[in-house]
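Here's a quick briefing to read with the model open.

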Amino acid sequence: MINVNLTKNMKDFDFDTTALKPKATLFPKFWKNDRNGGINPIVARKLIEISDRIINSLNLDAKPKDVIITGSIASYNWHENSDIDLHILYDFDEIGEDFSLVKKMLDETRINWNKKHNIKIAGKEVELYFQHAYEPHEANGIWSLELEKWLALPVHLNPELDLKTTEKKAESIAQCIDHLYVLFKKSQFKEAYRFAKKIKSKISRMRKAGLDKEGIYSPENLAFKMLRNSGHLQKLSSLKIEAYDKMMSLEI
């Protein structure tokens, strides 16, 4: 049974905005001498071991082009809840002729692996991704485990964060999740499921619009991170799954 209990008072939204601000240094347990010394070799060995086991389990004829670390853990934007974004790069065309089918297969493998495993290094959870080797990937920090060097060097950014707008957007979504929980408690499971899908779609559109317009420090993207870090997105996903299960159940 998935736990769908929300906080006792969802109207008291407690969002930590300090996690959104860039840090003065990279995550010190991962990186030696900030960005100049490269990755901690103990961390590198463990991530290579993890990726090798995943690659061997796929039993593919194609060989990966690289294994990279990216995301907030490889930038000055890391925070307490940062994951380790571990990307295994393949040329999808070398795996099969149907690109979309290969992508779907790898996506399902990724989802199942992330759902099954809870591997942490220095308190940070490993999050697996498969990436087409030739798709554009822009990030403020990309480290190649294969080449043992930065492919994109992390840089200090000093953005002016619009935290007031960010908090308003996050609170608006949190209120929707609060209402979703009310529907669930009233056993209106069909309505709850539909509303949960609508909220998730709204969040996705909001984040994409922010990233396209202003980048990672847009109020929309920061609101997404705020909701994720506070646990609201997990609550939304749990409610959606539980509402669907209740909707499709039958008591006779």
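Leu 211 counts as partly exposed because its relative accessibility is 34%; buried means under 20% relative accessible area, exposed over 50%, and partly exposed in between (1.4 Å probe, protein chains only). Leu 211 sits in helix H5, residues 189–213; helices (H or I, at least four residues) and strands (E, at least two) are DSSP runs numbered from the N terminus. Keep in mind that this is a predicted model, where local features need pLDDT of at least 70, side-chain atom pairs count only at pLDDT 80 or more, and totals for chains, interfaces and linings use all residues. Residues are numbered from 1 along each chain as its sequence is written, and side-chain values use heavy atoms, with hydrogens and water left out.

**Surface patch**
- Val 155, Leu 157, Leu 211 and Ile 216 make a nonpolar surface patch of about 280 Å².
- Patch residues have over 30% relative accessible area and no salt bridge, with nonpolar side chains (Val, Leu, Ile, Met, Phe, Trp, Tyr) joined within 5 Å and like charges within 9 Å.
- A salt bridge here is a side-chain nitrogen of Lys or Arg within 4 Å of a carboxyl oxygen of Asp or Glu.
- Areas come from the Shrake-Rupley method with a 1.4 Å probe, and for residues only the protein chains shown count as cover.

**Phe 224**
- Look for Phe 224 in helix H6 (residues 219–229); Phe 224 is buried, at 14% relative accessible area.
- Leaving out residues up to four places away in sequence, Phe 224 touches Ile 203, Met 206, Arg 207 and Leu 233 (contact means heavy atoms within 4.5 Å).

**The sheet**
- Six strands make an open sheet of mixed pairing, ordered S3-S4-S2-S1-S5-S6; two strands pair if DSSP finds at least two bridges between them.
- At the edges, strand S3 (120–121) and strand S6 (149–152) each pair on one side only.
- Helix H1 (residues 41–58) packs on the sheet, touching S1, strand S2 (84–90), S3 and strand S4 (124–132).
- The direction of H1 makes about 45° with that of S2; axes are lines fitted to C-alpha atoms, for helices over the stretch in contact, and angles run from 0 to 180 degrees between N-to-C directions.
- Strand S1 (residues 66–70) and strand S5 (residues 142–144) run antiparallel, joined by two bridges.
- Ile 69 stands opposite Trp 143 in S5.

**Positive phi in loops**
- Asn 59, in the loop between H1 and S1, has phi near 55°, a positive value in a residue other than glycine.
- Asn 59 is exposed, at 68% relative accessible area.
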